[in-house]
Amino acid sequence: MSDISRDAAANGHHDDGAGHDSRHFWTGSILAIVLTAIPFWLVMAGVVRDMEIAAALIFGLALIQIVVHVVFFLHLDTRSEGGWTLLAFLFTTVIVVVTIGGSIWVMYHLNSNMMPMPSGGIQGMSGAP
């Protein structure tokens, strides 16, 4: 092992060549800024009048921005650490989606399957005027 690589290892520096150049950083930064500015412009300019379409567009752009952050800033790809970091990230994503989706599903069904309340609410159930 050479003195240079031994010094780098002792100081905690490593260079695996996985996207640490400034061009990669600037590309990610510009994409993140554009993907932030587009939804802001959509809402502030009132380009889309239908709220469902606007929400779907903003959600889609947010998903794209998550991918940009993961690739350009977190450097998660199949090359880094033999792909294990990407696999761990995907597993975490699946667990989060299942947890949030399951919670929303349970809350929706609890709400739709609740007994209807009398017109007086809880006070009407107690018999008090």
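Me: Is the crossing where H2 passes H3 left-handed or right-handed?
Reply: H2 passes H3 in a left-handed crossing, a term used when the near helix is turned anticlockwise from the far one by less than a right angle. The helices are DSSP runs (H or I, at least four residues) numbered from the N terminus. This is a predicted model, in which local features need pLDDT of at least 70 and side-chain atom pairs count only at pLDDT 80 or more, while totals for chains, interfaces and linings use all residues. Residues are numbered from 1 along each chain as its sequence is written, and side-chain values use heavy atoms, with hydrogens and water left out.

Me: At roughly what angle do the axes of H2 and H3 cross?
Reply: They cross at roughly 165 degrees and come within 10 Å, with axes taken as lines fitted to C-alpha atoms over the stretch in contact and angles running from 0 to 180 degrees between N-to-C directions. H2 and H3 are therefore roughly antiparallel to each other, the word for angles over 145 degrees.

Me: And which residues of H2 and H3 make the contact?
Reply: Among them are His 24, Leu 35, Pro 39 and Leu 42 of H2, and Leu 57, Leu 61, Val 68 and Phe 72 of H3, where contact means heavy atoms within 4.5 Å.

Me: Which residues are in the largest nonpolar core?
Reply: Leu 35, Leu 42, Leu 61, Val 68 and Phe 72, five residues; such a core is a set of buried Ala, Val, Leu, Ile, Met, Phe, Trp, Tyr and Cys residues joined through side-chain atoms within 4.5 Å. Helix H2 (22-45) and helix H3 (51-72) each supply at least two residues of this core, and H3 gives the most, with three.

Me: What does Leu 61 touch?
Reply: Leaving aside residues up to four places away in sequence, Leu 61 touches Leu 35, Ile 38, Pro 39 and Leu 42.

Me: Changing topic: how many aromatic pairs does the structure hold?
Reply: Two. The rings of Phe 25 and Trp 26 have their centres 5.6 Å apart and planes at 75 degrees, so they are edge-to-face; rings pair if their centres lie within 6.5 Å, and planes over 60 degrees apart count as edge-to-face. Phe 25 and Phe 73 are also edge-to-face, at 6.0 Å centre to centre with 70 degrees between the planes.

Me: Where do Phe 25 and Phe 73 lie?
Reply: Phe 25 lies in helix H2 and Phe 73 in the loop between H3 and helix H4 (84-112), so the pair ties together parts 48 residues apart in sequence.

Me: Does Trp 26 count as buried or exposed?
Reply: Trp 26 counts as exposed at 51% relative accessibility, whereas Phe 25 at 42% counts as partly exposed; buried means under 20% relative accessible area, exposed over 50%, and partly exposed in between (1.4 Å probe, protein chains only).

Notes: Rings of Phe, Tyr and Trp (its six-membered ring) pair if their centres lie within 6.5 Å; planes under 30 degrees apart count as stacked, over 60 as edge-to-face and the rest as tilted. Angles under 35 degrees count as roughly parallel, over 145 as roughly antiparallel, 65 to 115 as roughly perpendicular and the rest as oblique.
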